[in-house]
Amino acid sequence: MTPTALTSGATVPVPDATIRVEVRWDPAGPTVDLTGLLLGADGRVGGDGDMVFYNHPRHASGAVRLHTGAGRLEVALPSVPAEVATVALAVSVDSGTFDAVTGLHLLVREVGNEPVLRFDPPELAGLSALVLGELYRRGAGWKFRAVGQGWSDGLAGLARTYGIAVEADADGAPSVVPGVAAPAVAVVATPGEERLPADVRDRLSLRKRLVGEVLAKQDAAGVRARVFLVLDASGSLEHAYHDGTVARVVERLAAVGAQLTPDGVLAAWIFASTMTRLPDLTVADLPEWTRRYVRPGRIQDFAADPVPMFRPDGTLDGEALGYGNEEPKVMKDVVRTVAALPPGPPVLVLFLSDGGVSRSQQIESILRKSADRPMFWQFVGVDGANYGVLERLDALTGRRVDNAGFFAVDDIDTLTDADLYARLLSEFPTWIRAARSVGVIR
């Protein structure tokens, strides 16, 4: 039986049983070590014992056990403590980077059966630690998610991300020590944020710090960018607007703009069958902006005649957007906007989509042509399927530089802020370095 090959962000249900994960690579290269981290709902470990690795091969609960030297870890899902929401599956190399490792992949199986899932991480250059996947709770069951998120500072960087530090003992081998704080970062002051409600302001401050920490871990502390926001409002996402999911996502994404954009202003678009440029999102006016533009207020039947995009009170009338998915229309407008910008920081486009992508050739063409522009597309798949070309971005040829990233989650509310920002910004710093090297940005 050939295992199902997964792309980054793909999720698959797994049985509530003992799951074996195996990491394999070409043995002619450096040794790869496998690690399991038991994470709470906040995306962090509860203590240093929640990191299962070669110096600590068995969790106290008995639910997670590492077979040292075999590249194999078993997770007895029925025995995982109730407070554990996710078991992250990571790999690292003792010295150097994964550039010297070939054939790296992860296999997932139920113990006693053949492998059913396989994940080959698309990006390894410059990384010395990598989360290949996660086993996470979904309702009463469990799912596996292919991740591919990496660090350049090895096991120490990975451990600190999740609340543990790794230091060298007397023999030079890593040992787990608790209580090491995340590296200090400078939080950007957003103009007018003092006007925000206290709870929103507190969340914004914490989220900006998390964004800064993610960038600092990738040697990109202090990087600046103009952040653009693109929102899918197709009919299949209607429920996510009305139950507040999209509004919550927008608040979390706005923190990226607040930390990267000195003036705290994000250009914004919304699209379905057609699209419109929205008034700029000023972080200091976030609650009012969300109220006016992130609840389209659709009606059930198509209007007989064209309707205005905005109501007399200035709020968005979602009916005018239609119900389909026409990504190329909004992507072309974003590219035109970037082309007209004065010199300044590069653009990070945060593009929310629930799939149903049917214009793959057009999207490919836009991505290739925009590779010469100072812009990076970060696509986020939410609550959907059939992401088309977005799932094949790393294999897309004919570009001066890889200018796009993609990950998908079936319920974005289940991602902690730390995890969300780590995924949103996993490729952007790499693109900045690559774009500078070929002269796309200075």
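Analyst: The crossing of helix α4 and helix α5 is right-handed. The model discussed here is a predicted one.

User: How do α4 and α8 pack, and why are they described as oblique to each other?

Analyst: These two helices pack at an angle of about 60°, with their axes 11 Å apart. Roughly parallel requires an angle under 35 degrees, and roughly perpendicular begins at 65. The value for α4 and α8 lies between those limits, so the pair is oblique. The crossing of α4 and α8 is right-handed.

User: What makes helix α8 mostly covered?

Analyst: A residue counts as buried under 20% relative accessible area. In α8 (residues 417-424), 7 of the 8 residues are buried. They are D417, D419, L420, Y421, A422, R423 and L424.

User: How do you know that strand β20 is mostly covered, and which residues point each way from it?

Analyst: In β20, 6 of its 6 residues are buried. A404, F406 and A408 point one way, G405, F407 and V409 point the other way, and all are buried. In a regular strand the side chains alternate between the two faces of the sheet.

User: What makes β19 and β20 a strand pair, and in which sense do they run?

Analyst: At least two bridges between two strands are needed for a pair. β19 and β20 have 6 bridges, and they pair in the parallel sense. Within this pairing, V382 stands opposite V409 in β20.

User: How do you know that β3 and β7 pair, and what is the bridge partner of T18?

Analyst: Strand β3 (residues 18-24) and strand β7 (residues 72-76) share 5 bridges in the antiparallel sense, where at least two are required. The bridge partner of T18 is A76 in β7.

User: Why are β1 and β6 called edge strands?

Analyst: An open sheet of 6 strands has the order β1-β10-β9-β3-β7-β6, with mixed pairing. β1 (4-6) and β6 (64-67) each pair on one side only.

User: Why is the aromatic pair of F376 and F428 called tilted?

Analyst: Rings pair if their centres lie within 6.5 Å, and these centres are 6.1 Å apart. The planes stand at 50° to each other. Planes under 30 degrees apart count as stacked and over 60 as edge-to-face, so this pair is tilted. F376 lies in strand β19 and F428 in helix α9, 52 residues apart, and the pair links distant parts of the chain. F376 and F428 are buried.

User: What makes the pair of Y387 and F406 tilted as well?

Analyst: The centre-to-centre distance is 5.1 Å and the angle between the planes is 55°.

Technical notes
Residues numbered from 1 in each chain as written. Predicted model: local features only at pLDDT ≥ 70, side-chain atom pairs only at ≥ 80, totals over all residues. Heavy atoms only, no water. Buried < 20%, exposed > 50% of the residue type's maximum accessible area, 1.4 Å probe, protein only. Helix = DSSP H or I, 4+ residues; strand = E, 2+ residues; numbered from the N terminus. Phe/Tyr/Trp six-rings, centres within 6.5 Å; stacked < 30°, edge-to-face > 60°. Left-handed = near helix turned anticlockwise from the far one by under 90°. Axes fitted to C-alpha atoms, helices over the stretch in contact; angles between N-to-C directions. Parallel < 35°, antiparallel > 145°, perpendicular 65-115°, else oblique.
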